[in-house]
Amino acid sequence: MPADLFELTKGSLDELTVYQFGRKIITHQFCPTCGVILVASISNMLALNARTIDGVDVGKLDILKYDGATLL
């Protein structure tokens with residue numbers, strides 16, 4: 001999702017721990033207490049962990065599985 005469409009309703013992304021690896025293109029932000037990744041960002045796009053969004057039942061989502069290892 002475009003970053004400007006994201007609204008955090010509690011806390012701050014600045015409170016999260018940042019992790020990057022490899023070419024450091026993607027920034028992963030996770031809870032420093034429990035270790036759950038909340039968001040990953042690249043450029044002005046965000047990928048959100050649906051399990052951390054109130055009201056989302058991940059069991060009801062249509063999941064498109066992606067096998068990135070095969071494409072390497």
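Accessible areas here come from the Shrake-Rupley method with a 1.4 Å probe, and for residues only the protein chains shown count as cover. The model is predicted: local features need pLDDT of at least 70, side-chain atom pairs count only at pLDDT 80 or more, and totals for chains, interfaces and linings use all residues. Residues are numbered from 1 along each chain as its sequence is written, and side-chain values use heavy atoms, with hydrogens and water left out.

**Exercise 1. Size up the chain: work out its surface, its box and its buried share**.

Step 1: start with the surface. The protein chain has an accessible surface of about 6,200 Å², and carbon and sulfur atoms own 56% of that.

Step 2: box it up. Along the principal axes, the C-alpha atoms fill roughly 40 × 35 × 25 Å.

Step 3: look for buried residues (under 20% relative accessible area; exposed is over 50%, partly exposed in between, with a 1.4 Å probe and protein chains only).

**Exercise 2. Find which strand has the lowest mean pLDDT and which the highest**.

Step 1: recall that pLDDT is the predictor's confidence in each residue, from 0 to 100. Its mean over the protein chain is 87, with 97% of residues at 70 or more.

Step 2: list the elements. Helices (H or I, at least four residues) and strands (E, at least two) are DSSP runs, numbered from the N terminus. You get zero helices and four strands, so to speak a plain β-β-β-β order from the N terminus on.

Step 3: Strand β4 (residues 45-48) comes out lowest at 89, while strand β1 (residues 17-19) is highest at 94.

**Exercise 3. Trace how β3 pairs with β2 and β4**.

Step 1: Two strands pair if DSSP finds at least two bridges between them.

Step 2: take the β2 side. Strand β2 (residues 27-30) runs antiparallel to β3 over four bridges, and glutamine 29 has valine 39 in β3 as its bridge partner. Six residues sit between the strands of this hairpin, where glycine 35 takes a positive phi near 85 degrees.

Step 3: take the β4 side. β3 and β4 are also antiparallel, joined by four bridges. Their hairpin has two residues between the strands, and serine 43 in the turn shows a positive phi of about 55 degrees.
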